[in-house]
Structures are given as structure tokens and as C-alpha cells.
Amino acid sequence: MRKVIDSKTLLLMCLPAIVFFIIFNYCPLPGVYIAFTNYNFRDGIFGSPFVGFKNFEFLAKSGQLWMLTRNTILYNLVFIVLGNVLQITMAILLNEVRCKWFKKVSQTIMFLPYFISAVLIGVIAFNILNYDTGALNTFLKAIGSDPVKVYSMPKAWPIIIVICQLWQQTGYGSIVYFASICGIDSSIMEAAEVDGATSWQRIRYIILPSLKPTFIILLLFALGGIMKGNFGLFYNLVGGSNSQLFPTTDIIETFVYRMMMNQNNFSTSSAVGLYQSIFGFALIMFCNWLVRRIDPDYALF
């Protein structure tokens, strides 16, 4: 009780976040029962026939669960690996710039895509890739080449999605790493310069090791959401009805949305959502345990 009284200011600051999670994350928890029923509107959640794990069995036998898991995890792994590499690279390059006004302008320009909505990104992509009037096919026709049907090429879309994700998120992530670089003790950098260290040596032996705690924390957060896809980006880029692209672009979020909105299949969508939550929770616990075994200072809890 004494700790609560001493920390009342911090608790009051956390109160809005606590209320938010209680309302939107904990209160809806009884709804997971839908995943074990053949849900219908007439009988409601707890009156619908109980079917056990049949919804999960159907997904597993149909192969959809494996495809959705594979796509979601692979996309997020690429986003994590390439995203962090680009973000760290951009942060280091910004730190090496000596012109202050150019550095500020560069930060602003890189940060702007983060505020562009996924709807607008989808519109831009459509105007570039559209078969009839897209900029890409217009250019190909102008130089005498045959137009391409990008919206009928499943193998091309992983590259397109990754490029759009990196374009939107790299600027924001680089600012986080740049802030960590700014927190490095300037006396260490000055001592390295006096000793004759080159820029590459300062980056390798001072900056990169100093970014390790930030990288591990961001990595743990990212791994915790590895089963959660960017619904807005995928849905607005691909759409919800182009089944040709589903084998390479369908993730858990788009599948759940399609099951609910197009087929009113609440039971199957709830089963997939519950599977996603349990898998993600187990993964973050395992990763945190692994980090704690290696170096407890870097673990989240």
C-alpha cells in the first residue's frame, strides 16, 4: 500500500492506458467462446451450439491456417529484419551529416510517409499498377513494350507490399535510433576522434554497440506482434476480393475480416483470432525468456 501511495502520480498518469486496456482488451475476453460454437444471431454467444474444436479442425484440414500463419510470420520477419537494418543505417547516416539545416530537413522528409494513411498508399499503388490507366503500363506502352497485369501476378505482390511497408515505416524507426545515438556520451566520441578513429571505426565500436539495448527492446516488441499483420496496408493494396493474390498476400487480419463481412462466419473468424492471440503470447514469452537467459538487463520482464 505504501508503494501505491508513493507512486500515485505515476499511477494517475497510467490510468488512461489502464482503462483503455480494461475496456477494449479484457472486457471482450468472454467473446472468445464464439470460437468453440456454431454461432448464430438468434441464440447469441452463450446460447449457440457448442462444437468444441471443430472450427480449428476445419481450418487446419483445409490448409488455410498454415497459409495464413506462414504469410503473416514471413511478412513480419521481413519487415523486422529489413526495417531495422534500414532504420539503423538511416540513423547513422543522419548522425554523420554535419550540416544542421540539411539534417533537420532530411528528418522531416523521412518522417512524412509515416503520416500517410494506408488508404492513400493503396490509391497511389493502384494509379501506378492499374492495367488500363496505370503509370507503369502507360510508360511500357510508350516505349513499345507489352503492359503487365500486376493484379494477376501473385509472386510480385510480396515485393510490392514490403517496399510500401518500408517506405512508410523506415523514417519513424530511424528517428528512434537517431535519438539513441544522440544519447551517447559526447566525450566518448570526442576521445575516439582525438585518438584518430575513423568514421567507420566510431560507428563499429561505439555507435552500433550503444544501439544494442534499443534494438533488443524494439525487437522484442516486434516479435510480440509477429502474428499481427498490418491490415490497413494489406487490405488497401490488395483489396478483399482478388482471390488470385490470396496465396501470397492473405494474412490473418484480412482473412478474419473477409469471413466476418462477406460470409458472416463469426465462429471461424473467432477461432483464427484466438489462435493468433495464443501463438503471439507464447512467442513473446519464449523470446523474453531467451533474452533473460542471455542477458537479464535486456529482458522486458
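This is a predicted model: local features need pLDDT of at least 70, side-chain atom pairs count only at pLDDT 80 or more; totals for chains, interfaces and linings use all residues.
Visitor: How many helices and strands does the chain have?
Guide: Local features need pLDDT of at least 70, side-chain atom pairs count only at pLDDT 80 or more, and totals for chains, interfaces and linings use all residues. Helices (H or I, at least four residues) and strands (E, at least two) are DSSP runs, numbered from the N terminus. The chain has 15 helices and zero strands.

Visitor: What percentage of the residues count as buried?
Guide: Buried means under 20% relative accessible area, exposed over 50%, and partly exposed in between (1.4 Å probe, protein chains only). The chain has 301 residues, and the buried share is 36%.

Visitor: Which residues of helix H3 are buried?
Guide: Helix H3 covers residues 54-62. On the other side of H3, Lys54 and Lys61 are exposed. The buried residues of H3 are Asn55, Phe56 and Leu59.

Visitor: Why do the buried residues of H3 line one face of the helix?
Guide: An α-helix has 3.6 residues a turn, so residues three or four places apart point the same way. The arc is that of the directions from the helix axis to the C-beta atoms. Seen down the axis of H3, the buried residues line one face because they fall within an arc of 100 degrees.

Visitor: What covers the buried residues of H3?
Guide: Contact means heavy atoms within 4.5 Å. The cover includes helix H4 (64-96), helix H14 (252-263) and H15.

Visitor: Which residues is alanine 271 in contact with, leaving aside its neighbours within four places in sequence?
Guide: Alanine 271 sits in helix H15 (residues 266-294). Its relative accessibility is 0%, so alanine 271 counts as buried. Its contacts, leaving aside neighbours within four places in sequence, are Ala35, Asn55, Phe56 and Leu59.

Visitor: What separates the C-alpha atoms of alanine 271 and alanine 35?
Guide: Along the chain, alanine 271 and alanine 35 are 236 residues apart. Their C-alpha atoms are separated by 4.3 Å.

Visitor: Is asparagine 242 buried or exposed?
Guide: Asparagine 242 lies in the loop between helix H12 (231-238) and helix H13 (246-249). Its relative accessibility is 16%, so asparagine 242 counts as buried.

Visitor: Which backbone oxygen does the side chain of asparagine 242 reach?
Guide: The distance is 2.9 Å. The backbone oxygen belongs to tyrosine 151.

Conventions: Residues are numbered from 1 along each chain as its sequence is written. Side-chain values use heavy atoms; hydrogens and water are left out. A polar contact is a pair of N or O atoms within 3.5 Å; within protein, one must be able to donate a hydrogen and the other to accept it, and residues adjacent in sequence count only if both atoms are side-chain atoms.
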